[in-house]
Amino acid sequence: MRLTKSVCPECKKIIEAAIFEKNGKIIMEKECPDHGNFRDVYWSDAELYRKFEKYSYTGAGISNFQSSSPLNCPSGCGICQYHESGTLLANIDVTNRCNLKCPVCFANARVKGFVFEPSFEEIRKMMETLRNEKPVPCSAIQFSGGEPTVRDDLPEIIELAQELGFAQIQVASNGVRLANSPEYCKKLKDATLRTIYLSFDGVTPEPYIENGGFNSLPLKKKAVENCRGFGPESIVLVPTLAKGVNDSQIGGIIRYAAENLDIVKGVNFQPIAFTGRIDQSQREQKRITISDVIKLAEEQTNGEIPCDAWYPVSFVVPISRFLSSMRKVPIPELTVHPHCGAGTYVFFEEGHFIPITSFLDVEGFVEFLAEATSEMNGKVSRVLTLAKIMKQVPRYIDEKKGPKSINVLRMILGVLKKGDMENTSRFHRNTLFLGTMHFQDLYNIDLERIKKCGVHYAIPDGRIIPFCTYNIFHRDSVESKYSVPYIQEHESEQE
């Protein structure tokens with residue numbers, strides 16, 4: 001189907017890779033002259049692969065880029081002039097310390113013999129670099145690790161992010177400290193934190209025992225309850241999926257989220273990537289792809305969330321471009337590679353799921369917005385365009401099939417008319433976001449995907465590095481360079 005560049009899993013040299021269809025699956029195959037042939041499943045469903053392939057967009061990238069040449073990609077990252085997406089979500093690892101020791105940790109936290117913990121001022125400089133990106137400053141940031149809550153000044157770091165103008169601030173957490181301390185939950189809320197990105201691998205004890213060595217499900221549920229009572233106001237559940245471990249629990253996780261929709265606003269499934277503490281011999285046994293997640297969601301919700309409800313992350317680019325033209329300000333465009341991730345929105349009423357695609361012609365709607373944007377850019381006034389929108393959008397919505405408790409048409413028109421945080425937040429408060437993002441590893445890395453990556457790490461030397469290349473090539477060297485020897489007193493009392 002196409003050729004791309006990848007790397008040898010053994011020596012990490014850049015080699016050519018073929019991506020092709022075989023037996024209804026998309027396969028990546030590559031050969032290193034020194035280490036032989038490697039083959040892996042790229043996508044498990046060729047039909048879904050082709051559907052997603054249609055929604056590829058080129059973004060503006062970052063004009064004040066940091067590297068002048070792509071020739072040493074991916075080992076020489078800093079964002080270069082050939083990168084095709086801005087920073088849509090920035091990660092800053094505030095520590096590599098952790099109060100758990102999970103075998104599937106892609107960050108390989110806590111076992112390296114040293115502590116990586118950037119100073120408050122180093123973190124400030126990293127955030128300033130992100131906010132100074134052009135043409136669109138980064139507006140969403142996630143503090144990660146390690147376990148960021150073991151760092152005592154995390155609330156002050158969150159407050160600084162707010163001061164610097166980040167619109168979306170979230171913390172990736174295992175939930176230990178949140179479960180143990182309602183007071184700490186309130187402290188995070190008071191620091192203006194809105195979202196916890198909570199690792200959540202299933203609704204029974206078994207996945208936690210397999211992935212983490214003990215049953216932490218009660219701890220996860222306690223963290224949810226404490227956030228409900230004391231803040232922060234929203235949680236996204238983040239299951240790390242592996243075949244034979246918790247792929248049978250996708251439907252149960254979605255239902256748990258829907259039944260707690262007052263506090264849980266999304267589920268972002270992450271198929272396992274073989275980068276950190278993973279036994280490589282288990283790769284073929286545990287590999288799961290985005291299309292597997294989509295199919296299993298359909299099976300485990302009795303068809304209520306069908307495969308055709310899902311679209312690539314990049315599908316919404318025309319919506320961003322419409323809102324940008326309407327408001328006359330550049331806003332982030334999710335121009336990531338169409339095979340990096342997928343998502344959908346569902347409503348939940350009377351115990352049943354109602355995907356947004358069951359009552360909204362999403363493809364027709366997005367095409368209509370693309371046409372309207374083109375007209376505005378061709379000097380048709382915003383007033384006339386908005387009048388056309390108000391008149392014609394209802395034809396894409398079948399309210400009889402939609403949720404009964406919410407006026408969906410009014411909600412969607414509110415987003416299009418004003419496009420502000422208040423109307424966007426109202427939409428998110430009433431829906432459950434379902435997503436899946438498959439991060440790459442040495443076996444399936446595709447440099448075409450790297451070029452469009454929109455999830456980036458900021459590091460202390462001022463560079464911005466795409467997520468997958470950071471975890472595969474750069475994490476160990478960055479952390480060892482900016483670290484101190486591990487001392488027992490660094491351990492958190494929260495363990």
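This is a predicted model: local features need pLDDT of at least 70, side-chain atom pairs count only at pLDDT 80 or more; totals for chains, interfaces and linings use all residues.
Two helix pairs were examined. Helix 8 (residues 250–259) packs against helix 10 (residues 290–300) at an angle of about 70°, and their axes lie 8 Å apart. Helix 8 is therefore roughly perpendicular to helix 10. On the helix 8 side, the contact involves I250, G251 and I254. Helix 10 contributes V293, L296, A297 and Q300. Five of the residues in this contact are nonpolar and two are polar; none is charged.

Helix 5 (residues 182–190) and helix 7 (residues 217–230) cross at roughly 55°, with axes that come within 9 Å. This angle makes helix 5 oblique to helix 7. The crossing is right-handed. P182, C185, K186 and K189 of helix 5 meet N226, C227 and F230 of helix 7. Here the contact residues comprise four nonpolar, one polar and two charged.

In soluble globular proteins, nonpolar side chains tend to be buried together. The largest nonpolar core in the model holds 80 residues. I92, M127, I141, F143 and L237 have the most contacts inside this core. Helix 8 supplies the largest share, six residues. The surroundings of L237 were also listed, leaving aside neighbours within four places in sequence. L237 is in contact with L198, F200, I253, Y256, A257, V264, G266, V267 and N268. Another core, of 33 residues, lies apart from the largest one. Its members include A372, I397, M411 and L416.

Backbone geometry was considered next. Most residues other than glycine have a negative phi, and most peptide bonds are trans. Two cis peptide bonds are described here. One runs from G145 to G146, with omega near 20°. G146 sits in the loop between strand 7 (140–144) and helix 3 (154–163). Another joins G231 and P232, with omega about -10°. P232 belongs to the loop between helix 7 and strand 10 (234–238).

Positive phi values occur at T192, near 80°, and at K328, near 60°. Neither residue is glycine. T192 lies in the loop between helix 5 and strand 9 (195–199). Its relative accessible area is 32%, so T192 is partly exposed. K328 is placed in the loop between helix 11 (317–327) and strand 14 (341–349). With a relative accessible area of 63%, K328 is exposed; the cut-off for exposed is over 50%.

Definitions and conventions: Residues are numbered from 1 along each chain as its sequence is written. Side-chain values use heavy atoms; hydrogens and water are left out. Axes are lines fitted to C-alpha atoms, for helices over the stretch in contact, and angles run from 0 to 180 degrees between N-to-C directions. Helices (H or I, at least four residues) and strands (E, at least two) are DSSP runs, numbered from the N terminus. Angles under 35 degrees count as roughly parallel, over 145 as roughly antiparallel, 65 to 115 as roughly perpendicular and the rest as oblique. Contact means heavy atoms within 4.5 Å. Ala, Val, Leu, Ile, Met, Phe, Trp, Tyr, Cys and Pro count as nonpolar, Asp, Glu, Lys and Arg as charged, and the others, Gly among them, as polar. A nonpolar core is a set of buried Ala, Val, Leu, Ile, Met, Phe, Trp, Tyr and Cys residues joined through side-chain atoms within 4.5 Å. Buried means under 20% relative accessible area, exposed over 50%, partly exposed in between (1.4 Å probe, protein chains only). A crossing is left-handed if the near helix is turned anticlockwise from the far one by less than a right angle, and right-handed if clockwise.
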